[in-house]
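Hi,

Here is the structure I promised to send over.

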Amino acid sequence: MNSFLSLIPRFADAILVTLEVSLLAAFIGALGGFVLNALRLRFPRWLAAPYRVYVWLVRGTPYLSQLVIVYFGLPVIGITMTAVQATIVSLAFYSAAYFAEIFRAGWASIPRGHGEAARAFGISRWAAFRSIEMPQAIAFAIPLLANQTILVIKESAVASIITVPELTMTASDIVSSTYTYIAPYAMLIVCYWLLTQCIALAAQWAQVLIAPSRKTS
Amino acid sequence: MNPPDLLARCLGYLPQLLDGAITTLWLSAIAVACGFFAGIFIYMMSASKSRMLATAARVYVSLFRGTPVLAQLLVFYYVPSGLGWAIPGVVAAAVGLSMNTAAYQSQILGAGFRAIPRGQIEAAQTFNLTRRQALWHVEIPQVIALTLPALVSEMIDIVKASAVVSVIAVTDLMRVGQQLSSVSYRPLEVYTLAACFYLAITSLLSLAGRGIERRVARRT
């Protein structure tokens, strides 16, 4: 038990790094995915093909291979980043594809009649997008968005390979310096599990908050 | 960097990358196959009347879905060796990936099992089929047909997740990429080529999945 307690300060620091990196990446990724989906809806003819290629490339390859291309590969053409920057950039680039697909599903869940009704009432395209489609699409998407955020937190473990001092890297450091195995790795599993459960709970709570407005609309 | 040189170098990387891709493929295949049977078992546990079994299944699924594959693999590789019972990286990778996908597959298959009308199981009992016969000849074929799209996407996820086994000394596609890049000092082209291999594998899997799905849809 004592060995567990002595690990807490270092793991507390590491949790903050994991959270900082993955939440920032998820936020940028969600924003990017939202904009991407909005552009795809606005300019279907020009953007349908490039959008599909982007999603195909990102979802068809492991995140680790995207990370090593960004961190080790891009310096070859003069783009150099620190390990943390490379992680956030690649994780945002990676998750934006998944977030865009989630928003696409959100928009697909809206009955066609809503758009037609808005047009019949002379509501502008932007106003319909902002106050009719967006609230419905986001309410639909909340559980999926939370799930994707959890996936981003889990993928961020891979950043330990390029020495970002997050949870996994910290556990491995402690293991190699103290030669104890069970306590640090048990702690590692517990930390990730708690993080992902917290996000899942927060999502349930957010849905309860949003549900009433969904019924009246 | 003139194009003929680049092409020649890439052709030079191909044999080793292909070796790595084969390791990635069989490791993923073992994991998906073992995970399928383990997944059925976990679903059975979660659906059983025993409270304890059901809770154990829930904890298992929550732990494996709530933590990164990389952390799970580190546990499977380093904890036994820390206890003086060293196991090869490939074994740890196969066990870790199988147990990980078992958690996901139990959820996928569970949805399939719940979609089968109860009447069929009752009919199977009326025809004097044992429970095991009913399971393997009545339920599981339908469950597979029902959950095929989700199972294929789980297969693709496992191929992608298997890239982290490079960390525990398995020479999979990713690891070969790392080795080649440290020898050639050309990380951009090597890693891009490795990514192309992954893209080819996952694209073929999803094409095959769609083909089988269409065939199943035509038959039913």
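How many residues does the contact take from chain B, and how many from chain A? It takes 27 residues from chain B and 28 from chain A, where two residues are in contact if their C-beta atoms, placed from the backbone, lie within 7 Å. On the chain B side, the elements giving two or more residues are α2 (51-66), α3 (69-82), α7 (173-184) and α8 (187-219). α8(B) gives the most, with 10 residues. By class, that side has 19 nonpolar, seven polar and one charged residues (nonpolar is Ala, Val, Leu, Ile, Met, Phe, Trp, Tyr, Cys and Pro; charged is Asp, Glu, Lys and Arg; the others, Gly among them, are polar).

A word on what you're looking at: this is a predicted model, in which local features need pLDDT of at least 70 and side-chain atom pairs count only at pLDDT 80 or more, while totals for chains, interfaces and linings use all residues. Residues are numbered from 1 along each chain as its sequence is written, and chains are lettered from A and ligands numbered from 1 in the order in which they are written.

Now chain B itself. It has eight helices and zero strands (helices are DSSP runs of H or I with at least four residues, strands runs of E with at least two, numbered from the N terminus). Its C-alpha atoms fill a box of roughly 70 × 50 × 25 Å along the principal axes. Of its 220 residues, 39% count as buried, meaning that 20 or more other C-beta atoms lie within 10 Å of a residue's own, with C-beta atoms placed from the backbone.

α7(B) is worth a look. Its buried residues include Leu173(B), Met174(B), Arg175(B) and Val176(B). Part of their cover comes from the other chain: α3 (63-73) of chain A is included, together with α1 (3-47) and α8 of chain B. Just after α7(B), Tyr185(B) takes a positive phi of about 55 degrees.

α8(B) also packs against α6(B) (residues 131-161), at an angle of about 175 degrees and with the axes 10 Å apart (axes are lines fitted to C-alpha atoms over the stretch in contact, and angles run from 0 to 180 degrees between N-to-C directions). The two helices are therefore roughly antiparallel, the word for angles over 145 degrees. Among the residues making this contact are Leu148(B) and Val152(B) of α6(B) and Ile201(B) and Leu205(B) of α8(B). The contact divides into 12 nonpolar, three polar and two charged residues.

Cheers

Key. Buried ≥ 20, exposed ≤ 12 C-beta atoms within 10 Å, placed from the backbone. Parallel < 35°, antiparallel > 145°, perpendicular 65-115°, else oblique.
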